[in-house]
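Reader: I would like to learn how to read a structure with two chains. Could we go through some features one at a time?

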Amino acid sequence: MGPLSVNDIISGDTNFLLAFFIGIGFGFVLEQAGFSSSRRLAGVFYGYDMTVLKVFFTGAVTAMLGMLFFGLFGWMDLSLIYVNPTFLTSAIFGGVIMGAGFILGGYCPGTSFCGAAIGKVDAMLFIGGLFIGVYIWGFGFDLWKDMYVAGNMGSPKLGEWLGISDGVMALVIVIIAIGAFFMAEWVESLSAKKEESQEIN
Amino acid sequence: METPSVTRKVRAYMNPYVAGVLLGLVLLAANYISGRGLGASGAIKSVVVTSVLAVDHDAAKTSAFIGEYEQGHAGNPMKNWLVFEMLGVILGAFISGIWAGRLKMKVEHSPKITSKRRLIFAVMGGVLFGFGSQLGRGCTSGSALSGMAVMSAGGIITMMAIFGTGYALAYFFRKNWI
């Protein structure tokens, strides 16, 4: 029964080896989706290419439903799965700073490594920036430590917050995702039309 | 006469929904095997901690950041799940790039801006993202994507903050992209 490494079904070293293979799959899929291109990634913010939204939501929903069913079938003990903790202040401000980094740099950390792997020089410099940013974080840790640990709410799931079960929460997320897909297709078609009319003029 | 660069075939990108399902299966595998989601920025932290310890071990030991890191991570910081995973990411993207014919050294930028401007903004974006990923306890992979898959309230809040800020600032940086 999963998770395999937490239940000591595989050893720590096997877990690291499998992490390497999982990474290969992760990098391969990201590059195949076009996430090695900053202009394609940035498209989601301007409506000319909504790939990020489609891949991101499809990926999250697939994994979410997969885990719910694995739990239901007794293949996986969901209580042993790591749920990201919620520190309200840092979750918001960290996200805001990352969002600014995204629109300036055109990459996020995972995609920048994909871009660099196929030769994108801008991705390599973005990675250089990542190291500087993490170093600054560590060097000045005393300055922002209070903010980092503020608003600790444990590791609640969104459903717990809203007082609904995981299954119903998942259904709501799926419905939101499907709505987002239709919106993404519509926005892309608008953007394509605009380009067409510009070409005619 | 045709040159090889003209005849070289570049494969199209994968359908985004197919890619998304595959991404979800990779994320599901990570949770099934290791009980955790995917990530990226954590591996950078491991490298930073290792290099700081290597340069000045005694001074580094007194740093609050290193102290905090060592509390949560016993042993060698490079012997870390995310480090192995990220090495795989680089190889996986490289294999995909070879297969698709996309392997090429270049600076990608909008025709409206220079390479130099693109590179300066890339570094600035990286610095912000690196810093923000530490404050937010993970980046788009570890916090937003993996957090959403386990329906973590914090992960979903971080995701909305990342993309919301991107949209809020998009107008001011439009020249860089469109």
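Reader: Does A:Ala100 count as buried or exposed, and why?

Author: One point before the answer: this is a predicted model. The general idea is a cut-off, since buried means under 20% relative accessible area. A:Ala100 has 14% relative accessibility, so A:Ala100 counts as buried.

Reader: Where is A:Ala100, and which residues does A:Ala100 touch?

Author: A:Ala100 sits in helix 4 of chain A, which covers residues 88-105. Leaving aside residues up to four places away in sequence, A:Ala100 touches B:Leu128, B:Thr165 and B:Leu169.

Reader: Those partners carry the letter of the other chain. How is the size of an interface often given?

Author: The size is often given as the accessible area lost when the parts come together. Between chain B and chain A, the buried area is about 10,600 Å², and carbon and sulfur atoms give 76% of that area. In chain B, the residues that lose the most area to chain A are B:Arg137, B:Met151 and B:Trp177, which together make up 8% of what that side buries. As for residues in the contact, chain B supplies 116 and chain A supplies 120.

Reader: How many salt bridges are there between chain B and chain A?

Author: Four salt bridges are counted between chain B and chain A. In one salt bridge, the side chain of A:Asp122 meets that of B:Arg118, at 3.0 Å from N to O. Polar contacts are a separate count: 41 residue pairs between chain B and chain A, with both residues at pLDDT 80 or more.

Reader: Which element of chain B gives the most residues to the side that touches chain A?

Author: Helix 2 of chain B gives the most, with 18 residues. Sorted by class, the side of chain B that touches chain A has 70 nonpolar, 34 polar and twelve charged residues.

Reader: Now for a contact inside one chain. What domains is chain B divided into?

Author: Chain B is divided into domain 1, residues 11-104, and domain 2, residues 107-178. The centres of domain 1 and domain 2 of chain B, taken over C-alpha atoms, are 17 Å apart. Nine residues of domain 1 are in contact with ten residues of domain 2 in chain B. Area can be read here as well: about 640 Å² is buried between domain 1 and domain 2 of chain B, and carbon and sulfur atoms give 64% of it. B:Leu27, B:Leu38 and B:Ser41 supply 57% of the area that domain 1 of chain B buries against domain 2, more than any other three residues.

Reader: How many salt bridges and polar contacts are counted between domain 1 and domain 2 of chain B?

Author: The salt bridge count between domain 1 and domain 2 of chain B is zero. One residue pair is in polar contact between these domains, with both residues at pLDDT 80 or more. On the domain 1 side, helix 2 (16-34) and helix 3 (41-55) of chain B each give two or more residues. Helix 2 of chain B gives the most to that side, with three residues.

Reader: Which peptide bond is cis?

Author: The peptide bond from A:Gly2 to A:Pro3 is cis, with omega near -5 degrees. A:Pro3 lies in the segment before helix 1 (12-32) of chain A.

How values were computed: Residues numbered from 1 in each chain as written. Chains lettered and ligands numbered in written order. Heavy atoms only, no water. Helix = DSSP H or I, 4+ residues; strand = E, 2+ residues; numbered from the N terminus. Buried < 20%, exposed > 50% of the residue type's maximum accessible area, 1.4 Å probe, protein only. Contact = heavy atoms within 4.5 Å. Domains from an automatic or database assignment. Buried area = accessible area lost by both parts, 1.4 Å probe. Polar contact = N/O pair within 3.5 Å; in protein donor to acceptor, adjacent residues only side chain to side chain. Nonpolar A, V, L, I, M, F, W, Y, C, P; charged D, E, K, R; others polar.
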